[in-house]
Amino acid sequence: MDGRAAGHPAPGQNGILFLPLPGTRRLGPAFGVRAFGLSPRQAAVLEEVGRISAATLGPSLWIDAVASPAGGLAIRGPRHAFSRLVDSLSKWEDMGEVASALADTLDRSARRPTLVVRGRDLLEKSPYLLMGVLNVTPDSFSDGGRFLAPEAAVAHALRLVQEGADLLDLGAESSRPGSDPVPIEDELRRLLPPLRELRRVLPDLPISVDTTKAAVADAALEAGAALVNDVSAGRFDEAMIPLCARRRVPLVLMHMRGLPKTMQESPRYEDPVAEVTLELRERVRIAEAAGLGAGTLVVDPGFGFAKRPEDNLALVAELEGLRALGYPILLGASRKSTIGALTGAGPADRLPGTLALHTAALLHGASILRVHDVKEHRQALACAAALGG
Ligand code: HH2
């Protein structure tokens, strides 16, 4: 299915977006954004106002006009200069939308990421979390069939926790390219026995349920799951977002276009980071309108979901762009086929590539990594975190 035909916006059609640039820190003095979706006139006015601001503020504000049909324009400078720019822009006719989009990105990108599970902010003590993958499926792309038996699933979960997983993501339906949906009853039959047992032996462990079906999420929450991870960001089941809002549990909104069955047939992006952020922004707005927000939303660019290898790599290299949304960023590149495309390695041999991509993601703003290999990530995380990513 073509994602756009399924209601996804074309570049520039769905509002203006300012994306934090790579290399700019959340609260550091220097900040940078690039604009997406400006009309040629708005781009020209922004450039002009920026130049005037730069002249009055001294050499602290840089404006780069980038020739791009999507109204590309990059601005760098200290945060206080951006606040002045917003003030100046709001005085210009027809620039109110641009000023409020810029103010929105400044505000959201400065927020400290939070993830509140059962009253506890998991991101308070440590700014990075490892989410261990536990697939109770017969057909997941890298570990299908290994943990289908509840005893095997529980034993593996205990190992992941012992190795340092901060939370677990329990999934009973593969979302690999080409996969078919699993009926609700089958998904629950796979999911509930290990979930109940895990709840019993590890009562404090935050467990997320990886599902796109509200009925499955509801039953899993009842059985002790504390978060929901939805690879469709609530698109496949309208009841998902209201369910999480009603139960006040965190929801991961992951970006994908189309369905897993067909999503790799013709993925197409002109500007992956801007388009993914814009499409996720729509889902974030729906979730916020339903009552989810700080502490209960996580965003994920959906590495490997309706994307070519170059799109996945651009998303990691410019992951800061998603900070425009104001929520913790989760990334899951573990063992995925982009690593195979780059190196020729099969799924079982993709740990080094996974660590490289995940380290890059951390340095570009990810707060949560979804991983199969926890022990190895603990070491990578200790080193990457020491760099101040
Ligand atoms: N990737 C997979 C499944 N769920 N959830 C989020 N939020 N982000 C991801 O990148 C993500 C996800 C696919 O990986 P895996 O679970 O190993 O495989 P499968 O879907 O075949 O079970």
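Pairing rule first: I call two strands paired if DSSP finds at least two bridges between them. Helices (H or I, at least four residues) and strands (E, at least two) are DSSP runs, numbered from the N terminus. I note that this is a predicted model, where local features need pLDDT of at least 70, side-chain atom pairs count only at pLDDT 80 or more, and totals for chains, interfaces and linings use all residues. Residues are numbered from 1 along each chain as its sequence is written, and side-chain values use heavy atoms, with hydrogens and water left out.

**Entry 1: strand β8**

I looked up the neighbours of β8. Strand β7 (residues 129-135) pairs with β8 in the parallel sense over 5 bridges, and M131 has L167 as its bridge partner there. Strand β9 (residues 207-210) also runs parallel to β8, joined by 4 bridges; L168 is partnered with I207.

β7, helix α5 (residues 150-162) and β8 form a right-handed β-α-β unit. Right-handed means that, with the strands pointing away from the viewer, the path from the first strand over the helix to the second runs clockwise. β8, helix α6 (residues 184-201) and β9 form a right-handed unit too.

Why is β8 largely enclosed by the rest of the structure? I find that 5 of the 5 residues of β8 (residues 167-171) are buried, meaning under 20% relative accessible area (1.4 Å probe, protein chains only). In a regular strand the side chains alternate between the two faces of the sheet. Here L167, D169 and G171 are buried on one side, L168 and L170 on the other.

In α10 (residues 309-317) I list D311, N312, L315 and V316 as buried. They sit on the same side of α10, because they cover an arc of only 135° around the axis, taken from the directions from the helix axis to the C-beta atoms. Their cover includes α9 (272-290), α11 (337-343) and α12.

I then picked T354 in α12 (residues 351-363). T354 is buried, at 0% relative accessible area. Its side chain reaches the backbone oxygen of R350 at 2.6 Å. Leaving out residues up to four places away in sequence, T354 touches A333, S334, R335, I339 and H377 (contact is heavy atoms within 4.5 Å).

**Entry 2: the ligand**

Which residues come nearest to the ligand? Of the 18 around it, I get S140, S174, N229, D300 and K336, with near meaning a heavy atom within 4 Å. A side-chain N or O atom of K336 is 2.7 Å from a ligand oxygen.

Note on methods. Buried means under 20% relative accessible area, exposed over 50%, partly exposed in between (1.4 Å probe, protein chains only). A polar contact is a pair of N or O atoms within 3.5 Å; within protein, one must be able to donate a hydrogen and the other to accept it, and residues adjacent in sequence count only if both atoms are side-chain atoms.
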